[in-house]
Amino acid sequence: MIQIPDIANGYPHVDRLAKLFLLVPIGIALQGRKDSVLVLAGCFVLGAFIACYTQSDFANQIQQALNMRRVDFGLKNAQYTSMLGGVIFIFSGLGFYLVNSNRWTIRLFFALSAILGLAITLVSQSRQVWLALALVIALAPMLLVFVGLIEGKKKLILGYAVVFLALFSVSQSEYIQNRALKESSVISSVVQGNLDNIPMTSVGIRLNSWLAAWDVFKDAPIVGLGENGIGYVISSSEKLSALKASAPTFRNLSHLHSSHIEALVAYGLAGFALILFTYIYISKCCFDSRTDSNLNRVIAFFCLSFFIYWFTINAFETFNSRSLGVFAFVIVSGCFYSLANTPNNTERES
């Protein structure tokens with residue numbers, strides 16, 4: 001253990017960690033009622049679309065997107081727009097299957113919102129979201145077997161054949177390749193062990209932030225340095241300090257481009273383990289209730305998909321520490337928490 005009086009708080013500050021657990025009162029308020037979850041999901045999706053429309057010159061944004069330019073629809077930045085698009089895609093998938101088949105207008109709404117969510121992730125061009133969705137899609141056949149929605153090797157093989165063809169086809173797009181491979185030279189250099197001269201590109205800033213965080217984390221790995229430790233990492237790094245001084249865009253740099261890294265610096269392994277426990281606990285609750293009905297198996301599938309997605313994107317950006325990210329997380333995870341802990345209620349809803 002070490003003590004750094006300059007950054008120590010007079011009492012423990014756990015705001016970044018505690019606000020994630022707003023999912024609990026949301027889950028309790030929903031009471032596991034399927035229709036309540038559907039209303040919240042619909043409001044979330046509609047709210048995100050309305051924000052994209054009202055917070056930007058929407059016609060201009062569409063025109064730029066059609067010209068293959070990156071857009072953010074006036075939200076915090078394009079990464080957060082992409083994050084919302086991915087969340088909408090998964091959340092809408094859950095909503096589609098929660099709705100009874102005879103309520104076709106609501107099903108159509110969620111089907112269209114899922115498509116629009118994918119479109120948003122495409123035009124906002126955030127590579128971590130593309131990677132996360134590709135990972136979810138790649139794991140989908142295995143997850144479907146895992147929760148019991150499909151059985152047999154033939155269906156699993158067929159599922160992976162479809163997934164492979166889909167991902168391969170998408171990867172051949174020049175639009176995708178231009179964005180995905182934009183900084184491949186930086187990654188290649190790092191893989192070869194060149195860690196001393198990483199350029200301050202988008203990928204390079206992240207890598208330099210994580211290397212600087214490692215130097216601080218290893219001094220207090222169990223409980224971390226508190227929330228002020230994040231700022232200490234930036235101020236103690238020559239490269240990050242120089243970036244703040246020389247680049248106006250990064251003058252207010254205050255995060256480490258990874259929620260996982262920030263949790264380790266601020267709260268150590270103990271805090272990071274608590275976050276992982278939350279993901280695993282909710283996923284396990286949904287998984288354990290899958291035997292009650294086919295609907296609960298669907299809920300388990302989307303729950304696992306969401307947490308794989310969320311864990312992946314937070315490895316490359318601090319969504320867990322920013323209001324828009326926290327908002328998306330507590331709403332979606334609160335729904336899964338509610339459905340998982342009151343599975344019988346989902347069966348009584350019409």
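Colleague: Why is Ser92 called buried?

Modeller: This is a predicted model, and in it Ser92 has a relative accessible area of 0%. Buried means under 20%, so Ser92 counts as buried.

Colleague: Where is Ser92, and what is it in contact with?

Modeller: Ser92 sits in helix 5, which covers residues 78–98. Setting aside neighbours within four places in sequence, its contacts are Val45, Phe110, Ser113 and Ala114. Contact here means heavy atoms within 4.5 Å.

Colleague: Okay, on to Ala266. What makes Ala266 buried?

Modeller: Its relative accessible area is 1%. The cut-off is under 20%, so Ala266 is buried too. You'll find Ala266 in helix 14, residues 259–288.

Colleague: Which residues is Ala266 in contact with, leaving aside its neighbours within four places in sequence?

Modeller: Val223, Gly224, Leu225, Gly226, Glu227 and Ile230 are in contact with Ala266.

Colleague: And how far apart are Ala266 and Val14 in sequence and in space?

Modeller: They're 252 residues apart in sequence, but C-alpha to C-alpha they're 8.8 Å apart in space.

Colleague: Let's talk about the core. Which residues touch the most other members of the largest nonpolar core?

Modeller: That core has 91 residues, and the ones touching the most other members are Phe44, Met83, Phe306, Tyr309, Trp310, Phe329 and Phe336. Helix 15, residues 294–313, gives the most to this core, with 13 residues.

Colleague: What does Met83 touch, not counting residues up to four places away in sequence?

Modeller: Met83 touches Val129, Tyr309, Trp310, Ile313, Phe319, Leu324, Gly325 and Ala328.

Note on methods
Residues are numbered from 1 along each chain as its sequence is written. This is a predicted model: local features need pLDDT of at least 70, side-chain atom pairs count only at pLDDT 80 or more; totals for chains, interfaces and linings use all residues. Side-chain values use heavy atoms; hydrogens and water are left out. Helices (H or I, at least four residues) and strands (E, at least two) are DSSP runs, numbered from the N terminus. Buried means under 20% relative accessible area, exposed over 50%, partly exposed in between (1.4 Å probe, protein chains only). A nonpolar core is a set of buried Ala, Val, Leu, Ile, Met, Phe, Trp, Tyr and Cys residues joined through side-chain atoms within 4.5 Å.
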